[in-house]
Amino acid sequence: MFKKIFRYMILIIIFFLLIIIIFQPSKSQDNIPSEKSINKTSSTTKEPVELITWTDLNGFDEFEQSYIDLFNSLYDDYQIKVVARPGDLDTDTMTAMMNGSAPDILILSYDEVTTYAYLDALLPLDDYFAHWEDFSNMNHDSVEKFKINNHYYGLPCGEYTMSLLYNKQVFRENNLTPPKKGWTWNDFLSLASSLYDPSTGQYGFALNWNQWGNWWFQMFVWAAGGELTYADTDGKLVTDFTNEGVIKAANYYRELKKQNCIQPNNSLRLDDLKKDFADGKAAMIYSGLDALSDFTSLGMNPNDIGILPIPIGPGGSNAAQIGGSCYVIHSNVPKEKQEGVFRFYKLVSSKQYFEDKANYFSKSNTPFLQGQLRTDIDYNQLLQNIPVEFINTMKQSSQTGRASYYGTPVISSFIDSAIQRIMLDSTVNIESVFHQYENEANNQAVPQYNEAF
């Protein structure tokens, strides 16, 4: 999830090219070097249809590979071939989306699905869902996030929830009681400022404004009742950087800094902030629940990681950003392959799959917090070694969480620059700064994106 900036730059370049060539015949995969392949001799006289999936040179982990092997043992008419590719797999995938050579089995991030759906680069999955009996057991709150213009384009396969974490040891040392549901921005400001201690370097909240600043900022904008962008009826991107909610969120960022609520060092990036939280310098931080191992790998006791309700902003909201990935079918996948691709998606969306995966994670002492994508699983039982507060947060976020703002890959860098500017210079006018970068986005990036429509 931390390759966003590079990926966004690539996406800006390819958006306006994609629509021109998306319907070209798919290119052959025969010339792609493969270091790992799985083949099975069909028991029938007819050769099985080969389904391509990509991985990096490290291959899939043991668990994921086991389900590919299972699929190949179950079916004679389809066989999955794993192609290991050098270089950056994310960049390769986006380039392949552009030229029509994407692999048959394809996973996209939440940010990418809406864009590619509007560009007709993805097949609607409505018919497959309608004829899939087990679809009724999928978490429809998660599935609905991929319903665009009344069509489903993605089947969720992993989900992370942004949550407000707190260091229990720091709270104990300061005799603080964790706030309850319903606390507000003002309450958060008071709590964070009370934890500032220049003699020890301790501070209240590790705020990631210097790297991928738009990522967390969007949640503050939502809490203030605003939006950064929206899609018009044709799917075209419309920016709205200076609405009241955006300005309130930006002013709140400045107030957090003014009242010593956040890190005093302006140069800290996300990895530095994570270390501060693990070391007990920062009392609170936002993080995806799928990334708790980032803190334990830095030496933090997992029992010292707690979770707080997200404070309610002046707009009456406290929605968390959710992200993750989903299975899709590229529009260039030949008809004879589509059924096999979805057959694999059904296998790796089954109840047995998720139960097996949770057990696999448990054996490696890694928390399995990748969303609750099925409704027929007792997650309290399955995740019995994980604090119930984390499980409840996942449940709530699947209902109230929001995917990133529309057009994230196109304009995120402009929002990042605006946030950096107002945080580094307290004298500049916030509305003027955001207006400046909105103009830059509309001159440099948005027109190329909208040309695709």
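Q: Why are helices α9 and α17 called roughly perpendicular in this predicted model?
A: Helix α9 (residues 213–223) and helix α17 (residues 408–424) pack at an angle of about 85°, with their axes 8 Å apart. Angles of 65 to 115 degrees count as roughly perpendicular, and α9 and α17 are therefore placed in that class.

Q: What makes the contact of α9 with α17?
A: On the α9 side, G213, N214 and F217 take part, and on the α17 side T408, S412, I415, D416 and I419. By class, three of these residues are nonpolar, four are polar and one is charged.

Q: Why is the aromatic pair of F71 and Y75 called tilted?
A: The ring centres of F71 and Y75 are 4.9 Å apart and the planes are at 50°. Centres within 6.5 Å make a pair, planes under 30 degrees apart count as stacked and those over 60 as edge-to-face, so the rest, 50° included, are tilted.

Q: How do you know whether F71 and Y75 are buried, partly exposed or exposed?
A: Buried means under 20% relative accessible area, and exposed means over 50%. F71 has 0% and therefore counts as buried. R343 lies over the face of Y75, at 4.7 Å from the ring centre.

Q: What makes the pair of W216 and Y286 edge-to-face?
A: The ring centres of W216 and Y286 lie 5.6 Å apart, and the planes meet at 70°. The limit for edge-to-face is over 60 degrees, so the pair qualifies. W216 has 1% relative accessibility and counts as buried; Y286, at 6%, is also buried.

Q: Why is the pair of W216 and Y286 said to tie together parts that are apart in sequence?
A: W216 belongs to helix α9 and Y286 to strand β10 (residues 282–288), so the pair joins parts 70 residues apart in sequence. Ring pairs also link W216 and Y286 into a cluster with W183, W185, F188, F205, F217, F220, Y252, Y253 and F434. A search of the whole structure finds 33 aromatic pairs.

Q: Which residues of helix α8 are buried, and what do they pack against?
A: In α8 (residues 185–194), W185, F188, L189, L191 and A192 are buried. The buried residues of α8 pack against β6 (155–167), α7 (168–173), β7 (203–206), α9, α10 (244–258) and β10.

Q: How do you know that the charge of R85 sits over the ring of W54?
A: The charged end of R85 is 4.0 Å from the ring centre of W54, and the distance limit is within 6 Å.

Notes
Residues are numbered from 1 along each chain as its sequence is written. This is a predicted model: local features need pLDDT of at least 70, side-chain atom pairs count only at pLDDT 80 or more; totals for chains, interfaces and linings use all residues. Side-chain values use heavy atoms; hydrogens and water are left out. Axes are lines fitted to C-alpha atoms, for helices over the stretch in contact, and angles run from 0 to 180 degrees between N-to-C directions. Helices (H or I, at least four residues) and strands (E, at least two) are DSSP runs, numbered from the N terminus. Angles under 35 degrees count as roughly parallel, over 145 as roughly antiparallel, 65 to 115 as roughly perpendicular and the rest as oblique. Contact means heavy atoms within 4.5 Å. Ala, Val, Leu, Ile, Met, Phe, Trp, Tyr, Cys and Pro count as nonpolar, Asp, Glu, Lys and Arg as charged, and the others, Gly among them, as polar. Rings of Phe, Tyr and Trp (its six-membered ring) pair if their centres lie within 6.5 Å; planes under 30 degrees apart count as stacked, over 60 as edge-to-face and the rest as tilted. Buried means under 20% relative accessible area, exposed over 50%, partly exposed in between (1.4 Å probe, protein chains only). A charge sits over a ring if NZ of Lys or CZ of Arg is within 6 Å of the ring centre and within 35 degrees of the ring normal.
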